Every structure is written in C-alpha cells, then in structure tokens.
Amino acid sequence: MAEGRSLSEVRALVGASHGITDLAHKLHFYDQWAPNYDQDVAALQYCAPRLAVDCLTQALPDPPHAALILDVACGTGLVAAELQARGFSQLHGVDGSPGMLDQARARGLYQCLSLCTLGQEPLPSAEGTFDAVLMVGALSDGQVPCSAIPELLRVTKSGGLVCMTTRTNPSNLRYKEALEATLDRLEQAGAWERLVARPVDRWELATSELEVGPGTSDSDGFISGIIYLYRKQAAAQAVGGRPGA
Ligand SMILES: C[S@@+](CC[C@H](N)C(=O)[O-])C[C@H]1O[C@@H](n2cnc3c(N)ncnc32)[C@H](O)[C@@H]1O
C-alpha cells in the first residue's frame, strides 16, 4: 500500500459499501472504486479468487487449458489472473460496472468482456457454452440476486462446473440462507449436483468489529466465507426464467 490508502481508510470505504443495498448505487460505487480496487482488496487480504479457482481447478478434468470459462461479475479480473497462473487461457467475463470492465480489459486476459447486469438481463451467451462458470465476491445484498443463479446453469455445458462464493459473517447470513434455498431447489429439481461446500475462516479482514459479530469463531479480525461447487446434470431441464429475456 505504498502510495495507496491506509488500512483504516480501506476499511471505512469497503464497510460503507457493504451497506449499499440498491444495485444501481452499488454499481456506481464499483465504477468509482475500480482504479483502486486491486490495491484495496489486497490490503484486506481478500483471497476468494485464489480459493475459488483452487476449488474449481481441482475438479476440472484434464487437459484444463482448453476449457472455456466464464467469469461472472469479473470485476477487475482477479479471477482471470488466478486462472491464467494455472494455465487457463480461454476466458470470458461479464460485469455490470463499466469502470470495472475497463480495468479487466487493461489486464489483457479475457478474449471477450461484456457489460451485463445480472438479475435484470440474461447472460449474453447461448445455452451450454462454457465448461465452467465462476462467480466470486458478488453474491450478497445489493449485488447479484439469487434469481440470477439459473442463468449460470443455462450457459454451462452439461457436465460442466459452476463455482460460487459468498460471505458467511453475520450481516450476510440472511442472504446466504436465501442463496442456499435456491441452490438446494435446483439440486432437488435435478439441474445440478453439489460437489463441494467449503467453509473458509479467513475470507478477508473485517471492516469493523460489528461485521465479525459476536459468537463467531473469529479471533484475528477476519470474516468467514464459503465456496460452492456444482456439476450441471446431463439431463438438466431449463429452470427458472431468463431475467430480462
Ligand atoms: C467484490 S467485486 C468482485 C470482483 C471479482 N469477482 C473479484 O472477486 O475480485 C463484485 C463485482 O460484482 C459486480 N456486480 C455486482 N452486482 C452485479 C450485478 N447485479 N450484475 C453484474 N455485476 C455485478 C460489481 O460491478 C463488481 O465488479
């Protein structure tokens, strides 16, 4: 953080953003934040992109490098950087913030980047396009609604993988419950099967003591999170509507 914000400044900024529950307002916040995002989340020791990519790549069949991967809510491209470090090169990304997409474009790792607001419009891809779809750091109040999850399934190939993350600290527990109800409903409908639900204690530094919450196992200032990995069933039927379609 040589030239950047102090940790307490980053905490104040990110903590305030967690309180934004209106999507348009949130995407505007990301537009403004985009140039400093990587440096700020590094200060918070945000490790979700690495952990999610580890989880996904352990389950992908060989050879991995030919896999076509969609990074949903790609932000500045931290997930793409992790994928590239493991030899993946067929990467597409979508995000609802033009400012974040500019940063992702500058990284030079995606073949295709599109502006798309999840929950309001369908993903700009045909059914069954991708070997794997990831969405990291975007499932929470004011960001991607649970109603967008069937879109991730739709664009995944039969037998392909979908990897998602969410925070599990007290302020996100209500969203996590709704998310898990959606994930379970799709599993009961035979659309996919759960391969992994991996809790992570040290997701990122909390922005305040309030965020950690009483009664959690945390003792070193980190909030917790969870990584889910699903395999789309071969005979998955279309489930849910296409938002905006
Ligand atoms: C915390 S950042 C995560 C970015 C990246 N995946 C990472 O882990 O670094 C959340 C991203 O989700 C995007 N986002 C939030 N809600 C969205 C929505 N409804 N549709 C599309 N993008 C959204 C934001 O613009 C932002 O780039």
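What volume does the largest cavity have? I get about 600 Å³ for the largest cavity. The model is predicted, so I took local features only at pLDDT of at least 70 and side-chain atom pairs only at pLDDT 80 or more, while totals for chains, interfaces and linings use all residues. Residues are numbered from 1 along each chain as its sequence is written, and side-chain values use heavy atoms, with hydrogens and water left out.

Entry 1, cavity. On a 1 Å grid over the protein atoms alone, a cavity is a set of points where a 1.4 Å probe fits but cannot get out; a pocket is an open set with protein on both sides within 12 Å along at least five of seven lines; lining residues have an atom within 4 Å of a point. Grid points are joined across faces, edges and corners, and a volume is the space filled by probe spheres set on the points. I found one cavity of 30 Å³ or more. The largest cavity has 39 lining residues, and nearest its centre are Tyr 30, Val 136, Gly 137, Ala 138 and Gln 143. Helix H2 (23–33) is among the elements that supply at least two lining residues each, and H2 has the largest share, five. Helices (H or I, at least four residues) and strands (E, at least two) are DSSP runs numbered from the N terminus. I sorted this lining into 23 nonpolar, 11 polar and five charged residues.

I searched the whole structure for disulfides (cysteine sulfur atoms within 2.5 Å) and found zero. For Cys 112 the nearest cysteine sulfur is that of Cys 74, 10 Å away. For Cys 146 it is that of Cys 163, 16 Å away. Cys 112 is partly exposed, at 31%.

Which residues of H8 are buried? I list Tyr 175, Lys 176, Leu 179, Thr 182, Leu 183 and Leu 186. They cover an arc of only 125° (directions from the helix axis to the C-beta atoms), so they lie on the same side of H8. On the other side, Arg 174, Glu 177, Arg 185 and Gln 188 are exposed.

How values were computed. Nonpolar A, V, L, I, M, F, W, Y, C, P; charged D, E, K, R; others polar. Buried < 20%, exposed > 50% of the residue type's maximum accessible area, 1.4 Å probe, protein only.
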